[in-house]
Amino acid sequence: MLVSMATIQQQSPTQKQPLQQPQQHQFALLPKIINGGIAGIIGVTCVFPLDLVKTRLQNQQIGPNGERMYNSMFDCFRKTYATEGYFGMYRGSGVNILLITPEKAIKLTANDYFRHKLTTKDGKLPISSQMIAGGLAGAFQIIVTTPMELLKIQMQDAGRVAAAAKLAGKRVEKTSATQLATNLLKEKGILGLYKGIGATGLRDVTFSIIYFPLFAKLNELGPRRSDGSGEAVFWCSFLAGLAAGSTAALAVNPFDVVKTRLQAIKKIDGEKEFKGISDCITKTLQHEGPTAFFKGGLCRMIVIAPLFGIAQTIYYLGVAEGLLGVQKK
């Protein structure tokens, strides 16, 4: 009996030891990349016409007598549809859909990865670490975002430039994203596709610093799913994406205006050229005032809110996990 009791006492510390070790979770990279890609394609397909209108409003410069092509978001919609038709509203969508998969996959996956790495041993993630994770995600994505935005903007703004040229009795030859990319590579090399990378980084890093911590906080407030995953329910992730996306979009709209203007290669006769970020800010303030930095602001909010609402919902639903037959962690 004494031997048995001694044996039990000797074994009990060994039996309890494994329970004291924290459970390690692996970072599942492939499902997150696939989810990010699916989310990006669905989101862009839904909101692209709004993004086209946003680009044209931001590139539009007011003439010396206050003349402008578009008076409002709805006026731009009406005139674009009247002159270019339904498919004109999706001009530039091809390159956007093609590159949005790696762009969104990098952004969402990088944020999750850095949040995973910055989480403390006791499972906490301070707001400063959340902001760092978001900022790093934004910095990584500009590798894909800059050439994607550069080509997309030329396609989106081509209708506005062509319409102005027609009024002036001139003609602008049509081009495709492939032709444009080929010409840029021939003339300026790979760096030609990275025109405006500084302004793109300024916009995307700032956006991600605001968006991801805000989304995470809002997403925590809602009810959890009943499958034991601990994830928020569908509508909570969607609403959190809407709110965080629209807030961050409005906050960085001035940077988006600067980026869009710097990346526009073809301009209407009489429109100003910009040498860099500071030159664009100075000239825009001088000739159009501070309100110019919020051109397309409402439109951008309407674009970004559903884009990220849809993206985060698809991402958190774990569509890729279902396709790959793996358990969502």
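The structure is a predicted model, in which local features need pLDDT of at least 70, side-chain atom pairs count only at pLDDT 80 or more, and totals for chains, interfaces and linings use all residues. Residues are numbered from 1 along each chain as its sequence is written, and side-chain values use heavy atoms, with hydrogens and water left out.

The chain holds 12 helices and 0 strands, where helices (H or I, at least four residues) and strands (E, at least two) are DSSP runs numbered from the N terminus. Of its 329 residues, 47% are buried, a term that stands for under 20% relative accessible area, with exposed meaning over 50% and partly exposed the range in between (1.4 Å probe, protein chains only). The accessible surface of the chain amounts to about 17,300 Å², and carbon and sulfur atoms contribute 63% of it; such areas come from the Shrake-Rupley method with a 1.4 Å probe, and for residues only the protein chains shown count as cover.

Two packed helices are described by the angle between their axes and the distance between the axes. Axes are lines fitted to C-alpha atoms, for helices over the stretch in contact, and the angles run from 0 to 180 degrees between N-to-C directions. Helix α2 (residues 29–59) packs on helix α4 (residues 93–118) at an angle of about 135°, with the axes 7 Å apart. The two helices α2 and α4 are therefore oblique to each other, given that angles under 35 degrees count as roughly parallel, over 145 as roughly antiparallel, 65 to 115 as roughly perpendicular and the rest as oblique. On the α2 side the contact includes Gly36, Gly37 and Gly40, and on the α4 side it includes Ile97, Ile100 and Leu108. The residues of this contact between α2 and α4 comprise 9 nonpolar, 8 polar and 3 charged, with Ala, Val, Leu, Ile, Met, Phe, Trp, Tyr, Cys and Pro taken as nonpolar, Asp, Glu, Lys and Arg as charged, and the others, Gly among them, as polar.

Helix α4 also packs with helix α5 (residues 127–167), the axes coming within 8 Å and crossing at roughly 165°, and α4 and α5 are therefore roughly antiparallel to each other. This crossing of α4 and α5 is likewise right-handed, and the residues of their contact divide into 16 nonpolar, 7 polar and 4 charged. In the loop between α4 and α5 lies threonine 119, which is partly exposed at a relative accessible area of 32% and, beyond its neighbours within four places in sequence, is in contact with Lys124 and Leu125.

Glutamate 149 belongs to helix α5 and is buried, with a relative accessible area of 6%. Apart from neighbours within four places in sequence, glutamate 149 is in contact with Arg203, Lys259 and Gln263. Arginine 203, in helix α7 (residues 197–221), is buried with a relative accessible area of 6%; not counting residues up to four places away in sequence, arginine 203 touches Thr145, Glu149, Val252, Phe255, Asp256, Lys259 and Arg300. Tryptophan 235, by contrast, lies in helix α8 (residues 234–251) and is partly exposed at 48% relative accessibility.

How values were computed
Contact means heavy atoms within 4.5 Å. A crossing is left-handed if the near helix is turned anticlockwise from the far one by less than a right angle, and right-handed if clockwise.
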